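I am opening my notebook on a new structure. I will go one topic at a time and write down what I looked up.

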Amino acid sequence: MSIRIKEVEVYGFRAFNERIKVDLDYDIVLLIGGVGSGKSSFLDAIEYALYGTTYDVRERKSIRLEDLVNDFAREIFVRLKLIDSNGNEYEIVRRRKREGRPKVELYINGELVANETRKVEERLKEILGGITLDEFNRYIFIRREILDALIYGQPIRRSEAIDRLFGIASLEEAFRLMPLREVENEIKRIKELIERKEREISLLKRREEIEERLKEIDKELKEIEYERNRLQEEKIVYSKEYDRLREIEERYSRLIREITRIEGIVEQIKKDVKNIASIDVIPSRVVVLAEKLKDDILSKMIQFLAGAEAEEIERATIDETNILNIIPALRKALEKLEKIENEYRLELMDLSEQVREIKMRYEALRGIYERLESEVLEKEEVRERYEYILKKYGSRKDITRRVEELEEELERTRHEYEYEQALLRVLSRTLGILERMKKTECPVCLRELNEGYVRTLKERINKIIGEEEERVRSIPKKEKQLTKLKNILRELLDLEVKVVDLEDKKVRLEELEKQIEEEKRKLDELNDIINEVQIKLRVLTKFLTEANKSMRQLENMSSLLQKAKSLKEYERKLKALKSEIASLGYDPSEVKRTIQRLEEVNLRLRAIDSKYKELIKEREELERKIKEVKKIEYELEKYKVKMRKLEELLEQLRRIKYAYRSTQSLLRKRMLSRFIPLLNEVFSNIYPHKDYDALNVRVEVKRTSEGYERSIYEIMAHRTTDGAWVPVLSRLSDGQKALVALTFIITLSKLRPHNLGVLLLDEPIPNIDYECRKALMDTLSSTRIKQLIIATQNPEYMDIAIKGSKEYGLKSKVYKLRWTGKKGTIIEEC
Amino acid sequence: MARNSIQKKRIKEEKNELDMEKELENVLKEVLKDKNTYEQALLILNLFRKEGIVAVRRHIREIVRRILEEGM
């Protein structure tokens, strides 16, 4: 089965921005265009449609997938239609945005069979006969660089190109680039670490020595512990002995102190008693003194009303046997009397305080009395004036009545005066009118007036005027009289108030006088009581002074009596203590010896402890050291393990590295053994000249400038003239070289059987001559290759299309590619 | 039907003969003998082909790191 390309539709892919649909269903398709016109992009689009990537992206890694998207497009769209010899049509549609997952669909005869990437790849691989992207680029899509390398390349480049065509170039590259240095450097670093650790260990003591010393220390420690235990026991024994002796010593000291104290007491008693003639006289003297004191106290107690205590004292009989018992009773009685004395004193103080208060009150009352008395005397004049006014003007009622009468009279007089004045004005006016008009009739009532009436009128006017003058003179007099009376009335009222106040004060003065008398009486009474208490107090105080003196004498004597009694007791006790001391058997030198032994034991124990501590410290230090050594040894061991593993890894990687070369060499041999017969077969078909009849590939191993061994291929041709093998590339013309290169390509296509009967040539051979053109067209008829798609800028290739149609009856098509700027590449039919 | 299967068989045989990948693996296996080393070699070669030398370096560094960590 041979599959051909039928149609390509593309946009957004590399140089293509506009949607372009190209019919490729021809035997020969020529894509002609200048540099940058998009020829290679078109062939790459076919590759992308088949594999979803390109050789530049996957193998060369010169660009990324997203770089395949045209700069002005949002996504790639490529539709590729294939057709096989049975007429089945396969359609692959790929879409890819600059970012995001690619989409792919596979149609067979218009029916969608897969749209998942993995499934589409599997089906495509099956359809294409298992040809991979790498193989596609070796056997189907032939780039100019390969042909250039084969025809014109330096030996190394040529060899690389052949290796690539054979599919074994990656082994050589893997051999050369195998990154062993990564591991070597790590090994070097670990080695340095190991050396450092070894140096560290050598600086420390050797482990065996340390362990030996540790054993010695343990032995010494055991011995020390045994000795220490022994000394501890000894110390306990001596300590017990010392404690016993210390106890005896303390007891001895205590007894000595007691004896000293008792001896001192005995001495003192003897000294006290020495002042008295005989100790036997003491009781009778005490009795006499006690009896006298008892009588005195009894009389005073009776005198000062301490009945119960007095009876007790009275009942007590005093003799030599109970003399010591009566003394406390006497002391108690005395204390009672002292208490009574104190009560008197307190009473006296209380009375004095009362007297002082009464005196203060008395003085205050006297002061108030005197002040009131002087005020009363002063106000007597007011009374006199009051009585004088009453006598002269009468009572307040009389004066008030008179004032009211006078006021009425004055009012009346004023009214009369006003009336008369008005009348006078009327009369005078009437008279004036009559005289002026010389008439005799009244101007008001028009009555005829006679002369007598006028005269009467004049007299009346004169009379009124006379009365008026008298009235005018009486008014001021009456007013003056009224004012005087009012003043007297006011004064009288004021005096009345003062007189009432005076009466009140007199009453108060009498009350005060009574109070003062009362206070004075109380004061006299209190003074009498105070005098009485003072007399009693003086008597009692005097008695108590004397009684206390007697009591002290009595107590001293009773004390002596007691001491005299206890002297015998003390002497007996002293004797007992001395005998106890003698029984103790106290020996100070024995204590000293024991202390000395104990100190010796302690000293030895301290020395042993110090030695023990030193050894422990040394042991700890050694243990720390040995721990450190162990740690370093452990680390060293770890590093050694790591290094061993790394060395194993390095060794493995080296073996792998050289295995790549060996594999490459073996594969090369196998490939050549298959390749050369096919090569000669193709060569004999397409090479038209007789000068060379066979080709061969010689392999030489050479060292490169980088120091690597490389296999160098030399293509050899068998010269017919002398039967010698000569290097093709140095002996043959360019045209012959191009034929040899084509021979290689055609042979390669035969080497790997597959279903894709297409050969894509990108700028294949610069100088194509007749033989080459013929060889290419022969290829289409004699090999599996049924379609030739050539992208070139060389117009000479147009001849292939023309000749192919005319001479071989092949369907040909020529397309012209042109780059138009932002719209990208456009394709036109020629 | 029979013709198709014969054709398929022939293609398969041819493919087997010329399947470079298979052949490469076989030769590598022969050369290295040790299975582990062979698998490692194949892994490195595939890494080199697919992702380049950087991936191989990364892979070897990873092995080294593992060895160092195991040792610790």
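Helices (H or I, at least four residues) and strands (E, at least two) are DSSP runs, numbered from the N terminus. This is a predicted model, where local features need pLDDT of at least 70, side-chain atom pairs count only at pLDDT 80 or more, and totals for chains, interfaces and linings use all residues. Residues are numbered from 1 along each chain as its sequence is written, while chains are lettered from A and ligands numbered from 1 in the order in which they are written.

**Entry 1: one strand residue.** I looked up Val104(A). It sits in strand β6 (residues 103–108) of chain A. Is Val104(A) buried or exposed? I call a residue buried if 20 or more other C-beta atoms lie within 10 Å of its own, exposed if 12 or fewer, and partly exposed in between; C-beta atoms are placed from the backbone. Val104(A) has 21 other C-beta atoms within 10 Å, so it is buried. Next I listed its contacts (C-beta atoms, placed from the backbone, within 7 Å). Leaving out residues up to four places away in sequence, Val104(A) touches Gly52(A), Val93(A), Arg94(A), Asn115(A), Thr117(A) and Val120(A). Asn115(A) is 11 residues from Val104(A) in sequence, and their C-alpha atoms are 5.5 Å apart.

**Entry 2: confidence.** I checked pLDDT, the predictor's confidence in each residue, from 0 to 100. Chain A averages 85, and 94% of its residues score at least 70.

**Entry 3: a helix in chain A.** I turned to α18(A), residues 770–782. Its 13 residues reach 18 Å from first C-alpha to last, close to the 18 Å expected at 1.5 Å a residue. The expected span is 1.5 Å times one less than the number of residues. Cys772(A), Ala775(A), Leu776(A) and Thr779(A) are buried in α18(A). They lie on the same side of α18(A), because they cover an arc of only 95 degrees around the axis. The arc is that of the directions from the helix axis to the C-beta atoms. Tyr770(A) and Ser781(A) are exposed on the other side of α18(A). The buried residues of α18(A) pack against α15, α17, β13 and α19 of chain A.

**Entry 4: chain B.** Chain B has four helices and zero strands. Of its 72 residues, 19% count as buried. I picked α2(B), residues 20–32. Which of its residues are buried? I found Leu24(B), Val27(B), Leu28(B), Val31(B) and Leu32(B). Their arc is only 120 degrees around the axis, which puts them on the same side of α2(B). An α-helix has 3.6 residues a turn, so residues three or four places apart point the same way. The cover over the buried residues of α2(B) includes α15 of chain A and α3 of chain B. Just after α2(B), Lys33(B) takes a positive phi of about 65 degrees.

**Entry 5: where the chains meet.** The contact takes 28 residues from chain A and 30 residues from chain B. Which element of chain A gives the most to the side that touches chain B? I noted α15(A), with 14 residues.

**Entry 6: the core.** I looked up nonpolar cores (sets of buried Ala, Val, Leu, Ile, Met, Phe, Trp, Tyr and Cys residues joined through C-beta atoms within 7 Å). The largest has 126 residues, and Leu30(A) is among those that touch the most other members. The largest share of this core, 14 residues, comes from α15(A).

Notes. Two residues are in contact if their C-beta atoms, placed from the backbone, lie within 7 Å.
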